[in-house]
Amino acid sequence: MGYFEKGGSRLYLVSIVLVAVLGGLLFGYDTAVISGAEKGLQAFFMQATDYNHTDAWHGLTCSSALIGCIIGSALSGLLATNFGRKRSLMFAGILFFLSALGSMHPEFLFFEGQGASKELLMAFNFYRIVGGVGVGLASAICPMYIGEVSPTKIRGMLVSWNQFAIIFGQLVVYFVNFMILGSHENPDIDIVGGINKVMNPEGAMWATQEGWRYMFGSEAIPAGLFTLLICLVPETPRYLVMAGQDDKAFHVLSRINGKTRAEIILPDIKSTITQKTEKLFSYGYMCIFIGIMLSVFQQIVGINAVLYYAPRIFDEMGMTNPMVNTVVMGVINILFTLLAVFTVEKWGRKPLLVTGSLGMALGAFGVALAFDNPNLGMLCMISLMLYSACFMFSWGPICWVLIAEIFPNTIRGKAVAIAVAFQWIFNWIVSTSFVPMFNFEFHEGDQMGHLLTYGLYGILCVVAAIFVWKIVPETKGKTLEDMSRIWRKK
């Protein structure tokens, strides 16, 4: 308990951080809900008579939310700087809620009584993009909010809880999807005569017509709760100082840190904020470059290709119940995310990133070599779990910690927006390239795409480790105001 400053309210700090990490939970929930719903969704739109719902259409539909994520993250700096962190999160919550209901029933207003059609597909994708904008905003602003309200000694740990919430949200939705599907069959879709066909249409009827709707609609419950609770938390003291509301900033700082400590922190914040914002490159190009590359590496190591397509990957491995294996992987991810939460302030940011990168590389190379060998099924499974677990105590939480704290106060809104936008752009690139790479054949029938895919991810993990070791500064124990002084010297 020595982490907390004397005189501050532990309950107050914990309560506002818990509300903020609900945004992380929605981030994970929204991005992972598609993993359980996509087969029923595909079978539903395959019934359309005005167009052919090909794999390309399905791929675009599954990744449409990522378009919104790019838009939301790009807008996050503008919204967070001009309207504040709190109001921006309220807006994100509203978007989550509307997206959940719209994705559940895209027929609303314009297509009531109609079946699957190209126009209905466009409406569904619109609602998914709306939710994606919410994810993009939350992904940038939730760690920013937590970083700006947290005491220096525990900032990394508290921001890491946001990643825990993301992974927990994914685990929750894996379980919710599993429970919603229950004893019903998921569609078994195979290629017959060059055309996708549902092989069990009668058994999969409920999943095709109703199941995917309940999966998307289930998000409305946590989205509504988040939107209501975010109204009760304060604005961050750093933003309040930039907005000229020093008295309110002092009040928030006092409740978190105690009055004595607040009297020290407030002048330090004011000394680094001569105006509301500064030009993006006021602290040099390297500051922005490192933030962008942290985001790029978090994605190009390939983890989201595993998370988004987990049931299909386990199915390709020959697992008897891919949904159960996905839940098990979610539990392992939770446990290793907790490892980062409780060690980031003790071990530092860089050691966790370097160790995790090398562990991911080992796991990726193991999957590449063992995937298509029936005698190495257990090695393949262990390698995939190692790959995922190492991400969860390194690039998963620590990237968000660094992005939340590495930028100076006066450029944080814009710089975080740029870094996170790059993250979602490369998320989209990795997610859309995974299936073509995985199915790539050097020669007809050789099925060596897994070697190309996971071999490439493994190499990029090694490059990521070298980048962190050589270039990224350690921010453990530094105040947010120290960031301005550090980058001024470079």
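Predicted model: local features only at pLDDT ≥ 70, side-chain atom pairs only at ≥ 80, totals over all residues.
Trainee: Is His-53 buried or exposed?

Mentor: The relative accessibility of His-53 is 4%. Buried means under 20%. His-53 therefore counts as buried.

Trainee: Which side chain makes a polar contact with the side chain of His-53?

Mentor: Leaving aside neighbours within four places in sequence, His-53 is in contact with several residues, including Gln-42, Phe-45 and Leu-121. The polar contact we want is a side-chain pair at 2.8 Å. The partner of His-53 in that pair is Tyr-51.

Trainee: Now for charged pairs. How many salt bridges does the count come to?

Mentor: For this count, a side-chain nitrogen of Lys or Arg has to be within 4 Å of a carboxyl oxygen of Asp or Glu. By this rule, the count comes to eight.

Trainee: Which side chain meets Glu-148 in a salt bridge?

Mentor: We are looking for a partner whose N to O distance to Glu-148 is 2.9 Å. Both residues of the pair are buried. The partner of Glu-148 is Arg-412.

Trainee: How many residues apart in sequence are the parts that Glu-148 and Arg-412 tie together?

Mentor: The salt bridge joins the side chains of Glu-148 and Arg-412. Glu-148 lies in helix α4 and Arg-412 in helix α18, so the pair ties together parts of the chain whose separation in sequence is 264 residues.

Trainee: With which residue does Arg-155 form a salt bridge, the closest N and O atoms being 2.7 Å apart?

Mentor: Arg-155 is found in helix α5. Its relative accessible area is 1%, so Arg-155 is buried. At 2.7 Å, the salt bridge of Arg-155 is with Glu-405.

Trainee: In which helix does Glu-405 lie?

Mentor: The salt bridge runs from Arg-155 to Glu-405. Arg-155 lies in helix α5, and the pair ties together parts that are 250 residues apart in sequence, so we look well along the chain, to residues 395-405. The helix of Glu-405 is α17.

Trainee: Which residues are linked with Arg-155 in a network of salt bridges?

Mentor: Glu-345 forms a salt bridge with Arg-349, with 3.2 Å between the closest N and O atoms. Glu-345 is buried at 14% relative accessible area, and Arg-349 counts as buried at 1%. Linked with Arg-155 in the network are Glu-345, Arg-349 and Glu-405.

Trainee: Is the crossing of α2 past α4 left-handed or right-handed?

Mentor: α2 and α4 pack with their axes 6 Å apart, at an angle of about 40°. The two helices are therefore oblique to each other. As α2 passes α4, the crossing is right-handed.

Trainee: Is Ile-471 buried, partly exposed or exposed?

Mentor: Ile-471 is found in the loop between α19 and α20. Not counting residues up to four places away in sequence, Ile-471 touches Met-286 and Ile-290. Its relative accessibility is 39%, and so Ile-471 counts as partly exposed.

Trainee: How far apart in space are Ala-417 and Ile-382, C-alpha to C-alpha?

Mentor: Ala-417 lies in helix α18, and its relative accessible area of 5% makes Ala-417 buried. Leaving aside neighbours within four places in sequence, Ala-417 is in contact with Ser-73, Ala-74, Ser-76 and Gly-77. Ile-382 is 35 residues from Ala-417 in sequence, and their C-alpha to C-alpha distance in space is 36 Å.

Conventions:
Residues numbered from 1 in each chain as written. Heavy atoms only, no water. Buried < 20%, exposed > 50% of the residue type's maximum accessible area, 1.4 Å probe, protein only. Polar contact = N/O pair within 3.5 Å; in protein donor to acceptor, adjacent residues only side chain to side chain. Contact = heavy atoms within 4.5 Å. Helix = DSSP H or I, 4+ residues; strand = E, 2+ residues; numbered from the N terminus. Axes fitted to C-alpha atoms, helices over the stretch in contact; angles between N-to-C directions. Parallel < 35°, antiparallel > 145°, perpendicular 65-115°, else oblique. Left-handed = near helix turned anticlockwise from the far one by under 90°.
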